[in-house]
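Dear colleague,

Please find below the structure that I am handing over to you. I would be grateful if you would read the notes that follow with the coordinates open.

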Amino acid sequence: MTKRFAVIGHPIEHSRSPQLHEAGFSEFNIDATFEKIDVAPEELKDFIEHEAQHFMGIAVTVPHKEMVFPYVDNVTEAAEHIGAVNTLFWKDGKLHGTNTDGIGALRALETLTTMEEKNVLVLGAGGAARSIIYALKKAQAKVFVYNRTYSKVEALFNEFDIIPLNSLQTCSPEEFDVIINSTSVGLKSFKSILPEDFWRPTHIGFDIVYDPLYTKFLEDCENAGGQVITGDKMLVHQAAAQFKLWHEKDIEPEILEAAFFSE
Ligand code: ATR
């Protein structure tokens, strides 16, 4: 019987989850479909209670990642700490919620180096930052966080073992091995959250923004001689983690990467 999967969000048209997962179905000859379903916030409870049972797995995107918590039977430690669910799966007849965003970011970073003992500067303190910080701490990195609104960094400090920064001017760029933009600055614009002169040849720059793929943040890093990781890598690796969870199969990130650029 054909297995059904879906991604739910509102809006949902932009989601690339179907094309990534369909590439995996082809690769492993899995008889399955992957639907995009627009679920308005007021429809979420009803969808989970009456429709979710028809799907073997569901990817959850904006604005439902936090809202879905009350409707699942169990959440994993990752989802609990990150405070967001991006993946639903069934186990022993119960609906479980987990989060593969953090592991996606970590796997993307690990394509260049291990994170253990690395000094990592995370710019931003929103939902994406939380998932990245969670994974970095699991990988035993030393995490520094800077955000425009400092109170959000303080809130993160109460939950994660991070070093809060209230200014970038007081720290020397050489302190950091990796710098991550987890804000939306640079999305559809040629702006960077970081001054150009902050970059050093020793830096690895990673941007969660993938539209454009080569953001000003990454261009500045590369111009200074640093190495870069583009935002599509996080998406591809988080989808690979979902794929593993739903199908118990390791998919080559390159296959998902090719699917990301198809259309
Ligand atoms: P997401 O879930 O994608 O992380 P979010 O929770 O809305 O989205 O977080 C957006 C992040 O981008 C925040 O850290 C935000 O900073 P504030 O907490 O100060 O709002 C950051 N951000 C967005 N626009 C920004 C800008 N123009 N300058 C600096 N930071 C910005």
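Predicted model: local features only at pLDDT ≥ 70, side-chain atom pairs only at ≥ 80, totals over all residues.

The ligand site

The ligand is surrounded by 13 residues. Ala-128, Asn-147, Arg-148, Thr-149 and Lys-152 are the closest of these. The side chain of Lys-152 places an N or O atom 2.7 Å from an oxygen atom of the ligand. For Arg-148, a side-chain N or O atom is 2.9 Å from a ligand oxygen. Ala-128 takes part through its backbone, where a polar atom is 2.9 Å from an oxygen atom of the ligand.

Packing around helix H5

Helix H5 covers residues 101–110, and its axis comes within 7 Å of the axis of helix H6, residues 127–138, with a crossing angle of roughly 60°. H5 is therefore oblique to H6, and the crossing is right-handed. On the H5 side, the contact is made by Asp-101, Gly-102, Ile-103, Ala-105, Leu-106 and Leu-109. H6 contributes Ser-131, Ile-132, Ala-135 and Leu-136. By class, the residues of this contact are 7 nonpolar, 2 polar and 1 charged.

H5 also packs against helix H9, residues 232–247; their axes come within 7 Å and cross at roughly 120°. This angle makes H5 and H9 oblique to each other, and the crossing is right-handed. From H5, the residues involved are Asp-101, Ile-103, Gly-104, Ala-105, Arg-107 and Ala-108. They meet Lys-233, Met-234, His-237, Gln-238 and Ala-241 of H9. Here the division is 5 nonpolar, 3 polar and 3 charged residues.

Backbone features

Most peptide bonds are trans, and most residues other than glycine have a negative phi. The bond from Val-62 to Pro-63 is cis, with omega near 5°. Pro-63 belongs to the loop between strand S3 (57–60) and helix H3 (64–67). Asp-211 and Pro-212 are likewise joined by a cis peptide bond, with omega about 10°. Pro-212 sits in the loop between strand S11 (204–207) and helix H8 (216–223). Finally, Asp-92 has a positive phi, near 50°, although it is not a glycine. Asp-92 is found in the loop that lies between strand S5 (87–91) and strand S6 (94–98).

With kind regards

Conventions: Residues numbered from 1 in each chain as written. Heavy atoms only, no water. Axes fitted to C-alpha atoms, helices over the stretch in contact; angles between N-to-C directions. Helix = DSSP H or I, 4+ residues; strand = E, 2+ residues; numbered from the N terminus. Parallel < 35°, antiparallel > 145°, perpendicular 65-115°, else oblique. Left-handed = near helix turned anticlockwise from the far one by under 90°. Contact = heavy atoms within 4.5 Å. Nonpolar A, V, L, I, M, F, W, Y, C, P; charged D, E, K, R; others polar. Near = heavy atom within 4 Å. Polar contact = N/O pair within 3.5 Å; in protein donor to acceptor, adjacent residues only side chain to side chain.
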